[in-house]
Amino acid sequence: MEASAAPRSERGGVDERISRALAGEAVPSSGKPLADLREAVEEALSVAEDEIADLAAESHERLAERCRWLVQLHDLRDELIERHVQRRLATFGRVHETLTRLRGGGDVDAIVRSAPAAACEACGFDRSAIYRVRGGDMLAEAIHVAGDPETAREFLEWSRSNPAPLQEQILESEMVRRRRPILVHDALHHPSTWKPIVEHYMTYAYVTAPIMPEGRVIGFIHGDRAFQNPKDPAGVHEFDRDVLWAFAEGLGYAIERAQLVERLHRQGDQVKRLMAQTDAVVCEVLETKVELVTGAYEGSTATWTATAIFGGPDSELERRLSRRELEVLALLAGGSTNAQIAAKLFVTEGTAKAHVGHILRKLGAGNRVEAASLYLRARDKASS
């Protein structure tokens, strides 16, 4: 019995933490405390199993006690594993929800500006930054510092003034080649970190993942826990790297989708302009009368008369312009804008504008005022 007393006393600290957890008083839900407690349980299980083997031939009472302890340890380990899995599932769920909001956030610029704050919210980081790859440099596009927008602005200004070169020895250069995320411990002393950035940000540990829509790396997103684990050279873990990678992958898809939508809108606007121009041309072809015009009328402005070429009752205006153009000229002379003309004639503004251009050309008028003056004089002369 004395042989087992010493190991038991040496385990006092571990047993105390575990006892509190078994009593339901101190079971952490996430983070480093959860990992520490899991490690302690594994250690206690190993010791308990060794003790049971030693006590099997010594004392039935002591053996029964350690067996009960072993069963409780197994139950606690199962609970910790379940909480660990639930925490990971909850984190990936937040990533999905956050990316869904980002996709509905508007254009590419808006998505990029919002992404660092979204990464902190979804992945549990304190700071996050997005960098764009431009040639051989890594340029900061957006930075978020939880609860400190002023520091975030200062970091962003400094980063834009000091772009990081993607040299061969820099870790981010490796990401461009391998297209894989990276976990960095002890960043201040790591041989492949770009020291100006990690020293200015006081970054002790961070994770970073590539943003690569269409399979091409266009940038990176970084994250750390500078406030939760201050000055800890191992303040982020493999899970942080993996969850940030999932976020970066979804962010790449969101950026790609937003760019496609922007292109479709631009192409739609071009199609609308082409359709308006086509509509104007078709209207002119359908409504223009066949005319016999000699060079005597070309380029004349206020010098023409209202005498008909064929001696008929129509005025010169009526022969030079189509019926629709006469309608447009009358509205123009009444002071209507192109938009008002379009509304009154139930045509597009582009069509109205085209009609006005044709009227000015046919009448040889230099502007709308001159065309209106010609119309008013012809109308007054016809009524006199």
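Colleague: Which side chain does E150 meet in a salt bridge?

Modeller: Before the answer, please note that this is a predicted model, in which local features need pLDDT of at least 70, side-chain atom pairs count only at pLDDT 80 or more, and totals for chains, interfaces and linings use all residues. Residues are numbered from 1 along each chain as its sequence is written, and side-chain values use heavy atoms, with hydrogens and water left out. Side chains of opposite charge can pair when their charged atoms come close. A salt bridge is a side-chain nitrogen of Lys or Arg within 4 Å of a carboxyl oxygen of Asp or Glu, and here the side chain of E150 meets that of R153, at 2.5 Å from N to O.

Colleague: Where do E150 and R153 lie?

Modeller: Helices are DSSP runs (H or I, at least four residues) numbered from the N terminus, and both residues lie in helix α6, residues 149–161, three residues apart, about one turn of the helix.

Colleague: Is E150 buried or partly exposed?

Modeller: Buried means under 20% relative accessible area, exposed over 50%, and partly exposed in between, with a 1.4 Å probe and protein chains only. E150 is partly exposed at 48%, and R153 is also partly exposed, at 45%.

Colleague: Which residue forms a salt bridge with R101?

Modeller: That residue is E121, and the closest N and O atoms are 2.7 Å apart. Because R101 lies in helix α4 and E121 in helix α5, the pair ties together parts that are 20 residues apart in sequence.

Colleague: At what angle do α4 and α5 pack?

Modeller: Axes are lines fitted to C-alpha atoms, for helices over the stretch in contact, and angles run from 0 to 180 degrees between N-to-C directions. Helix α4 and helix α5 (residues 108–123) pack at about 160 degrees, with their axes 9 Å apart. They are therefore roughly antiparallel to each other, a term for angles over 145 degrees.

Colleague: Which residue forms a salt bridge with K362?

Modeller: K362 pairs with E325, the closest N and O atoms being 3.0 Å apart. K362 lies in helix α13 (residues 349–363) and E325 in helix α11 (residues 323–333), so the pair ties together parts that are 37 residues apart in sequence. Both K362 and E325 are buried.

Colleague: How many salt bridges does the structure hold?

Modeller: The structure holds ten salt bridges, and R323, R324 and E327 are linked in a network of them.

Key
Helices (H or I, at least four residues) and strands (E, at least two) are DSSP runs, numbered from the N terminus. Angles under 35 degrees count as roughly parallel, over 145 as roughly antiparallel, 65 to 115 as roughly perpendicular and the rest as oblique.
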